[in-house]
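Thanks for passing this one over.

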Amino acid sequence: MILDDAYWQGPLPQPLFDDFDIEREVMVPMRDGVRLSTDVYLPRGAEGPLPTVLVKTPYDKDDGEGSVRTKWVDYFARQGYAVVVQNERGFRFSEGVFVDYLAGAGTDGPDTVAWILEQPWSNGRVGTIGCSSSGEHQWPMASANAPGHVAMVPGASGTAVGDVPGNDTCGAFYKGGIPMLFNWANWYGRLAPTEKPVIPAGATQEERQRIRKYFQFSARKGWAPDTAEQLRHLPSKDVLSNAGAPVSPFDRYMTRTPADPAWNEVELIGEGDEPRVPALHINTWHDLAIGETTRLFSYLQSLDTPEQYLIIGGGPHCAIWQELPFELTKKIAKEMFAGFTTTEIDAMPAPDMRDFVFGDLKLGDVRYRGVDHGYPKLYLAWFDKWVRGTENGVADMPKVQLFVMHQGWISAESWPPPAAVPTTFHLVADPEAWRRNEAGGLSTDPSAEESEDSYVYDPMNPTPNLGGVLGFNAALDQRPISARRDVLVYSTPPLEQAITVAGPVEVTLDVSTSARDTDFIVRLVDVLPDGTAINLADDGFRLRYRAGFDQAQHAEEGQVYRITLPNMVTGNRFQEGHRIRLEISSSSFPAYERNLNTGGANFDEIEGVVARNAVHYGGSRASSVTLPVIPD
C-alpha cells in the first residue's frame, strides 16, 4: 500500500478478514505479581505471526473511550492485527490499587508488551493507541523504550506531561499554580476512585467473565459530584468527599502546591526521559492540555528524537476520535455517550466532520487532509509502516500539521512553526471603549501614558467560566461573561485584513491588588462582526507564585507586580472585520479553583476576602499579549 492520492481520496481499505475471535478476562501478570484484566481479539482465520495494537485504558473495555463500542477494535482486527485491550491497575477488573495518576504505567506497559511478544500469534512488534487516559498512559510506557514497542498514537495526552522545559502544570493539574477544579473533580469523581468493589480472590476466568457480564464498576446513573452546586463547596479540598464520592487521589492533590515533592510520585513524562518510540502526537486546539502536548513535542524535537509528528485538528477533547472508521449516526452517538444527561446529549452536534460545529464555533471541514476517514486511514498506515513492516511512505509527511481554524491545514517541520513572527499587541487606552462596555484597546503601538483599570473581585460571587473546559461545548459566545463588571475587556479595532495566528501565546501583565493574594485569568477571544465572541484559549496565574512556585509570597497593597502567563496555544485565522480580544478577570469558576484572597492555603478555607484588582499599562508598563503571526 502506497500513500498516494488514490489512497487518501478513496474509501477505507477493504477488510482483510470478515470476523475475529475474542478471549476475555485474560489475567496478565506484572513484575510485582499484580494481574491486569485483558481482552485479546484475533482475526479469524489469520495465519502466521500478527502485528499487535495495544489499548491500555482505565475505562470500561466494553464501551469506553472509543476503543470497542466505536469499532476501533473491529477496524484493526479486520485489517489483520491482533488487538489487546487492557485495564490499568486498580481499574475495573484489574488487580492492584489506584493510588496515583498513571500508577504503574512506567512498568505495566513494558510488562504487557513483553507478555504479547511471548504469545504464539505475535510478530514481535506492538503499536499503542488511545485518546485521553488511553493516550496518557502511553508516555510513561514509551519512556522505558521497551523492546517490541515500535509505534504509538497518543491522542489528547498532554495531562501526562511533567517538567519538560517550559512546562510547570504538573500534568495540567494547574495553570499558573491554580488547580483546574472542574476537570479533575469531574474525572476523579466520576471515573477514577481509589476505592472500588473487589472481585473474589481466586475467581476463574469463566467466573470473571460471568461477573463482568452482569456487573459494572461504574458510578450510578445520574451520579454527578461535579455540578455547579457541588463545586461551590468550601473548603475546596473536600469538594468530592462532601458530594459522597469515594476516596481518590484528588483529595490529596488539592492540598499540594505545584512545587510539592509529592508530585514526583506521579509517573509524568519529564525532563530526563528520552522515549524513542515513533509517535503521532494527536490533539485539538480546544483540548485542556494542548499546551502540554506541544511542549512535550518541542522537548522531544530538542533531543533529536526520530519519527515524531505533531497533528493538531479542530474541536474539543478527543474530537479526532470522532472521525471513526464507520458512519456514526446520532442514535449511535447517544448510545456512546450514555453517561451524559439528556440535555448534554441533545446539545451535542451530529459528528459530521465535513461541517463540524461544537458550541458556537463553526469550523467547517475538519477532516484530516480534507478527506473522508482521514484519521483512520492515517492510523492504519502508521501501524502498517512500523508494526506490520510495510514501506508505504507515511514517514515522508511533514513533521507538524495544523488545522488553522477558519483557514485549513498548514504544515511545518518544527514547533513552533518557524514562519510565525511574535507580534505584540499592547493594552492601550481608548476613550471610546466605554461605549462598547470595554476597558480599552489592543494595538501594536503602545500608549505613551500610563493607565490602569480596576475591578472588584468577590470570591463568593466568582466570575464564571463559559466553555473552555473539557466538555463537548467548550467554545461558546463569551458576551454574557464580557459584560460583567469584574471583567476587563481589550479589543483591536475591526481588522482591515485577516491575520493567521498559530503557535504559543504569551500574556504579560503588570498588576496590583488590595488583597494578600489573588488570581488573574486571561482569555483570548475571536470577535465576529455581529459581536459573537468565541473563546480560543485561556490561562491563569496565582499571584503568590510570582517569584516561583516554591516561593509563595504575599502581595502588598499598592505594589505593582509583573506576571507572565505562557500557557495558551491556538491556531486561528482572525478574518477581516473580526477583532482580537483579551479578557482579564480574577476567576473562571469552576474551571479554575477560586482564590479566596486571604493569602492562606486556600484549599482548607471557607471564607473569602473581597479584592480590588488592577491592570496597569502604557508608559513603562508591559501589559500585552504576544501572538505568533504567520505572514500571508
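The points below go from the whole chain to single residues.

1. A word on the basis. This is a predicted model, in which local features need pLDDT of at least 70 and side-chain atom pairs count only at pLDDT 80 or more, while totals for chains, interfaces and linings use all residues. Residues are numbered from 1 along each chain as its sequence is written, and side-chain values use heavy atoms, with hydrogens and water left out.

2. Overall build. The protein chain holds 15 helices and 25 strands (DSSP runs numbered from the N terminus: H or I of at least four residues for helices, E of at least two for strands). Its radius of gyration is 24 Å, close to the 26 Å from the globule rule for 632 residues, so the chain is as compact as a globular protein of that length. Here the radius is taken over C-alpha atoms, and the rule is 2.2 Å times the number of residues to the power 0.38.

3. Of the 632 residues, 60% count as buried (under 20% relative accessible area; exposed is over 50%, partly exposed in between, with a 1.4 Å probe and protein chains only). Among contacts with a separation of 6 or more, 77% come from residues 24 or more positions apart; a contact means heavy atoms within 4.5 Å.

4. Strand β15. This strand (residues 421-428) runs antiparallel to β25 (residues 624-630), with six bridges between them, and Thr424 has Thr626 as its bridge partner. β15 also pairs with β16 (residues 440-443) in the antiparallel sense over three bridges, where Leu427 stands opposite Leu442. Pairing requires at least two DSSP bridges between two strands.

5. Thr513. Where does Thr513 sit? It belongs to strand β19 (residues 499-513) and is buried, at a relative accessible area of 3%. Beyond its neighbours within four places in sequence, the contacts of Thr513 include Leu543, Ala555, Glu557 and Arg612.

6. Cis peptides. Two bonds deserve a look in your viewer. Leu234 and Pro235 are joined by a cis peptide bond with omega about 0 degrees, and Pro235 is in the loop between α8 (228-231) and α9 (239-243). Another cis bond links Trp415 and Pro416, with omega about -5 degrees; Pro416 lies in the loop between β14 (408-412) and β15.

7. Positive phi. His406, not a glycine, has a phi of about 70 degrees and is partly exposed at 27% relative accessible area. Asn597 also has a positive phi, near 70 degrees, but Asn597 is buried at 1%.
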